[in-house]
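I'm jotting down what I looked up, one item at a time.

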Amino acid sequence: MTTFPSTAEPAGTADTTGTVLEAAGVTMRFGGLTAVRGVDLTVRTGEIVGLIGPNGAGKTTFFNCLTGLYVPTEGSVSYRGTRLSRKPHLVTKAGIARTFQNIRLFANMTVLENTLVGRHTRTKEGLWSALLRGPGFHKAERSSEQRAMELLEFTGLAAKRDHLARNLPYGEQRKLEIARALASDPGLLLLDEPTAGMNPQETRATQDLVLAIRDQGTAVLVIEHDMRFIFNLCDRVAVLVQGEKLLEGTSEVVQADERVIAAYLGTPFDDAPGAEEAAEVRAAEEARSGAAPGAAPEDSPPDAASGPATPEGGAR
Ligand SMILES: Nc1ncnc2c1ncn2[C@@H]1O[C@H](COP(=O)(O)OP(=O)(O)OP(=O)(O)O)[C@@H](O)[C@H]1O
Ligand SMILES: [Mg+2]
């Protein structure tokens, strides 16, 4: 994989405390519904932090509160020690970039043009310069294009620079969203379900991409339903349930927590501790039900596989 050469330091690198994001007591109410309740979360330099929870837990709403899309009803959000503006473009300028759960690309623009759009918060050239197309504009345009091409190399999309975004396969559209987000040289990247709809190879490639982004100096906060992806990748994982943070800890701690298994995982995922035993129990139950494999006897407990959200995003 190509490196992720940065023409500028990630925004706001002056802070030396190592805290990139600090969300304190974030609450978001919609009328009578409290979608996020008193959530604290810190992301530090060099970290990949996961945010998991069942459908409707408030994960995307929390992202929207971080990026100025929603103004939290209560609480505060700071980036490198400075309280963030409530305007999304100023949040991006401060150093936080994001991708969306529902892909938001300019469908009729090329891959390169979409990436250039993400660059605008880092260029000084204003409207008049663009209209008059003077030497300053052309210089800025060349440097933006060079940076955009570096990012397309980095994300593996360089060969498709002139393709329209709408003609890309789904997995590449998600990659393009990441390239566009990186174009603003963020110090923190928020990814909302980056592997949704991807096949296993694409998911593995995205995992490598996220690691490379972190290694190049951008901290990452990622929402995912794919538990293997989360537990392979994240230094820390926070679990949201019904808008509240149920738990936060290392992957090992979180995946072993009974409340998490009960509230979210529902059933152990492949290769998880206990998965083998669970498979044995299922096989024994099927054998007991005899002639009708899979048909549970009336007095048997409900099949774990029909429990809450399946670990690999099956409840989507
Ligand atoms: N703009 C809004 N107005 C009213 N209710 C909203 C709004 N946005 C989100 N909600 C509600 O807030 C709750 C949390 O939704 P959110 O999309 O944040 O969940 P999520 O954890 O991202 O779920 P998923 O895993 O399905 O993406 C839901 O009950 C949702 O209906
Ligand atoms: Mg969501």
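I started with strand E7, which pairs with strand E8 (residues 219–223) in the parallel sense over 5 bridges. Strands here are DSSP runs of at least two residues (E), helices are runs of at least four (H or I), and both are numbered from the N terminus. Two strands count as paired if DSSP finds at least two bridges between them. Within this pairing, Leu190 sits opposite Leu221 in E8.

Housekeeping: this is a predicted model, where local features need pLDDT of at least 70 and side-chain atom pairs count only at pLDDT 80 or more, while totals for chains, interfaces and linings use all residues. Residues are numbered from 1 along each chain as its sequence is written, and chains are lettered from A and ligands numbered from 1 in the order in which they are written.

Next I checked the other neighbour of E7. Strand E6 (residues 96–98) runs parallel to E7 and is joined to it by 3 bridges, with Ala97 opposite Leu189.

Is E7 buried or exposed? I found 5 of the 5 residues of E7 (residues 188–192) buried, so the strand is largely enclosed by the rest of the structure. My cut-offs: buried means 20 or more other C-beta atoms within 10 Å of the residue's own, exposed means 12 or fewer, partly exposed is in between, and C-beta atoms are placed from the backbone. Leu188, Leu190 and Asp192 cover one face, Leu189 and Leu191 the other.

I then followed the chain onward: E7, helix H7 (residues 200–215) and E8 form a right-handed β-α-β unit. Right-handed means that, with the strands pointing away from the viewer, the path from the first strand over the helix to the second runs clockwise.

On to ligand 1. Its shell includes Phe30, Asn55, Lys59, Thr60, Thr61 and Gln101; a residue gets in if its C-beta atom, placed from the backbone, lies within 6 Å of the molecule. Which element gives the most to this shell? Helix H1 does, with 3 residues. By class I get 4 nonpolar, 7 polar and 1 charged, with Ala, Val, Leu, Ile, Met, Phe, Trp, Tyr, Cys and Pro as nonpolar, Asp, Glu, Lys and Arg as charged, and the others, Gly among them, as polar.

H1 itself has 8 of its 8 residues buried, so this helix is also largely enclosed by the rest of the structure. Gly68 follows H1 and has a positive phi, near 85 degrees.

Last entry: an open antiparallel sheet of 4 strands, ordered E2-E1-E4-E5. Its edges are E2 and E5 (82–83), each pairing on one side only.
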